[in-house]
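My remarks are set out as numbered points, to be read alongside the coordinates.

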Amino acid sequence: MKNALTDPDLGKAWLDTLEHQRRLSKHTLANYARAIDLLLTLKEKLDLRDIDTQQIRRFVARLHATGLSGRTLALTLSAWRGLYRWLARQRGFPANPVQGVRAPKSPRHLPKALSVEQAQQLLESAPPQTQEAPESVRDRAMFELLYSSGLRLAELIALDAADGRLDLKQAEVTVTGKGGKTRTVPVGGRARDALRDWLKARALLAAPQESALFVGARGRRIAAGTVQARLRAWAKRQGLGASVHPHMLRHSFASHLLQSSQDLRAVQEMLGHASIATTQVYTHLDFQALAKVYDAAHPRARKK
């Protein structure tokens, strides 16, 4: 006997469960919603209950043929798998047709990180003619904190000025990351100095009663696009080009910390990665740097 709810209703009910019970981020929910829309489109007149593993494989092949990467397909399959797991528990579906289906592999692209020298170049000297402007004081505090503590852009934007999560005396900041997971990470001395300067200047930009730590031109919580644009402009003025983005500072934090400490578990905790496999990508960045040193220094590294 078929469920009274339509298939789109079932998809929406699952997404509502993720939003209210698991408290996933808006970005993750949007990705899951797109994945469910894809499934509803691909299945055409089939019911969700009647889809089998072979049909799921055909759906994946069709999506792959349109140019979707293995990573995107893996995320799509993860959403489908979660939907069917919920349907089995809550709606009595007999099986999970996505179980065991894997996405095709794509070439692995290493995250882009600044070198230590580039990070110093970015943050050491203030851009000309903007040193005293409150916007510049804010920007320096944001960029120092991103690099000092490895924060995601969404975590930076979500910080409030007076909720105790930023503790400059204890030199730490507490953020809520993906999946609603909270972690506390250190804040370095340069970042603390920049943040103190910003807290003194913040009243010049912040609207009355605004709780956000970082605010934009209208005095309200700063937008992600504004942070990205300000960092691009700052990096260009510092001679690094316009390709620097906020997540690159997080990658740089992880890569530089791992090079110095060799403590993969500690870096995993500070980044808030659920799996150490995600953190291990930075060991490849470290190896690339070592390989360049080897090629330049070893007398028999290169053919003549």
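This is a predicted model: local features need pLDDT of at least 70, side-chain atom pairs count only at pLDDT 80 or more; totals for chains, interfaces and linings use all residues.

1. Helix 1, which spans residues 7-22, packs against helix 2, residues 26-42, with the two axes 11 Å apart and at an angle of about 165°. Since angles over 145 degrees count as roughly antiparallel, the two helices are therefore described as roughly antiparallel to each other, and their crossing is right-handed.

2. On the helix 1 side, the residues that meet helix 2 are Asp7, Pro8, Gly11, Trp14, Leu15, Leu18 and Glu19, while helix 2 contributes Leu29, Tyr32, Ala33, Ile36 and Leu40.

3. Thr76 lies in helix 4 and counts as buried because its relative accessibility is 7%, where the cut-off for buried is under 20%. When residues up to four places away in sequence are not counted, Thr76 touches Ala35 and Leu38; the C-alpha atoms of Thr76 and Leu38 are 8.6 Å apart, although 38 residues separate the two in sequence.

4. Asn96 sits in the loop that runs between helix 4 (70-91) and helix 5 (116-124), and at 18% relative accessibility this loop residue counts as buried. The side chain of Asn96 reaches the backbone nitrogen of Val98 at 3.0 Å, and, leaving aside neighbours within four places in sequence, Asn96 is in contact with Arg81, Tyr84 and Arg85.

Notes. Residues are numbered from 1 along each chain as its sequence is written. Side-chain values use heavy atoms; hydrogens and water are left out. Helices (H or I, at least four residues) and strands (E, at least two) are DSSP runs, numbered from the N terminus. Buried means under 20% relative accessible area, exposed over 50%, partly exposed in between (1.4 Å probe, protein chains only). A polar contact is a pair of N or O atoms within 3.5 Å; within protein, one must be able to donate a hydrogen and the other to accept it, and residues adjacent in sequence count only if both atoms are side-chain atoms. Contact means heavy atoms within 4.5 Å. Axes are lines fitted to C-alpha atoms, for helices over the stretch in contact, and angles run from 0 to 180 degrees between N-to-C directions. Angles under 35 degrees count as roughly parallel, over 145 as roughly antiparallel, 65 to 115 as roughly perpendicular and the rest as oblique. A crossing is left-handed if the near helix is turned anticlockwise from the far one by less than a right angle, and right-handed if clockwise.
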